[in-house]
Amino acid sequence: MNYGKSIRLFLIEGIADGRWMCELSNWTGKAYKIPRNCVKESSDREELKNTGIYFLFGKSDESDTYRVYIGEAENIYERLLTHLKEKDFWHECVVFISKDNNLNKAHVKYLENRMYTIAKEAGRYQLENSNIPTQSSLSEADQAEMEEFIYNAKLLLSAVGHKVLEATATPSTNSNSEVFVFEGKDFRARGTTTADGFVVFKESLVSKKTNSSLTTSLLNMRNKLMSENIIDSSYSFTKDYIFSSPSTAASIISGNSTNGKTAWRNLQGMTLRDYEN
């Protein structure tokens, strides 16, 4: 059972485009969301000179892909100043520290490795880390405490707009998911609706052909998915993939301009439109 939680957001400059301080009820952790152009002025926050974990977020202009670098430091502020000089891709960061400064180097090395692994498995962002972070050895009690830290950090990251640690919804991760099927002569796909859009499940088969009804933008998207091996040479999805709408998903799969509301049907044969109504 999930229980309600309270999140407190404080806009330090009083504007949405400035720095945010984020706290979760009954948790000793704290998050800061800091735009790149506000990093230098963050010397006024003494607790940012403590040990912590951080995420650098950006977006690729060429591929329209979200990018992230996950790191740790014993002095977060000094490390962010270094990244201002050395890394160009990011436009904002989210930092996690402990209010009582009880995170040590072993803790944040553990967090860095675990969060990197979770982000890689989620597959929502392109990871900019050149190496897999090494995991420190912690006692069973400390591991349990850090896993709780990860759970709460994931919640705050999602609240400030970054679902980097959130897995896409599948029947195995959400027992309440309604599965929809879209099939034709040479394709068969399965998927479900989520808060982010429409998820097409791994191993769904795509038509090998496209026709003139497919718009240039959708054709380019399809070609991009194939070039990135999200759709492999067997015309099969290699992982769960989120589309902005069921119609976009259906059009990519069929190679035709398709109304996803009527194309996708649940296992009882009901269209997505009728199901939602």
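The legends below describe close-up views of one predicted model. Residues are numbered from 1 along each chain as its sequence is written, and side-chain values use heavy atoms, leaving out hydrogens and water. Because the model is predicted, local features need pLDDT of at least 70 and side-chain atom pairs count only at pLDDT 80 or more, while totals for chains, interfaces and linings use all residues.

**View 1. The seven-stranded sheet.** Seven strands form an open sheet with mixed pairing, in the order β1-β2-β3-β6-β4-β5-β7. Helices (H or I, at least four residues) and strands (E, at least two) are DSSP runs numbered from the N terminus, and two strands pair if DSSP finds at least two bridges between them. The edges are β1 (7–11) and β7 (126–127), each of which pairs on one side only. Strand β3 (residues 29–35) is joined to β2 by three bridges in the antiparallel sense. Trp-20 has Lys-33 of β3 as its bridge partner.

View 2. Helix α2 lies across β4, β5 and β7, at about 165° to β5. Helix α3 also packs on the sheet, where it touches β1, β2, β3, β4 and β6, and its direction makes about 145° with that of β6. Axes are lines fitted to C-alpha atoms, for helices over the stretch in contact, and angles run from 0 to 180 degrees between N-to-C directions. Contact means heavy atoms within 4.5 Å.

**View 3. The packing of α2 against α3.** The axes of α2 and α3 are 10 Å apart and meet at an angle of about 50°. That angle makes α2 oblique to α3, since angles under 35 degrees count as roughly parallel, over 145 as roughly antiparallel, 65 to 115 as roughly perpendicular and the rest as oblique. Residues of α2 in this contact include His-107, Tyr-110 and Met-115, and those of α3 include Met-146, Phe-149 and Ile-150.

**View 4. The largest nonpolar core.** Phe-55, Phe-96 and Val-164 touch the most other members of this core of 32 residues. A nonpolar core is a set of buried Ala, Val, Leu, Ile, Met, Phe, Trp, Tyr and Cys residues joined through side-chain atoms within 4.5 Å; buried means under 20% relative accessible area, exposed over 50%, and partly exposed in between (1.4 Å probe, protein chains only). At least two residues come from each of β2 (20–24), β4 (52–59), β5 (66–73), β6 (90–98), α2 (105–122) and α3 (140–159). Helix α2 gives the most, with seven residues. Leaving aside neighbours within four places in sequence, Phe-55 is in contact with residues including Val-68, Ile-70, Val-94, Phe-96, Met-115 and Val-164. Apart from this core lies another, of 21 residues, among them Val-200, Leu-218, Ile-252 and Ile-253.

**View 5. The five-stranded sheet.** Five strands form an open antiparallel sheet, ordered β11-β10-β9-β8-β12. Its edge strands, β11 (241–243) and β12 (265–266), each pair on one side only. Strands β8 and β9 run antiparallel and are joined by four bridges, with a hairpin of four residues connecting them. Val-181 is the bridge partner of Arg-190 in β9. Four bridges likewise join β9 to β10, and the hairpin between these strands has two residues. Thr-194 stands opposite Gly-197 in β10. Helix α5 (residues 246–254) lies across β8 (180–183), β9 (188–194), β10 and β11, at about 30° to β10.
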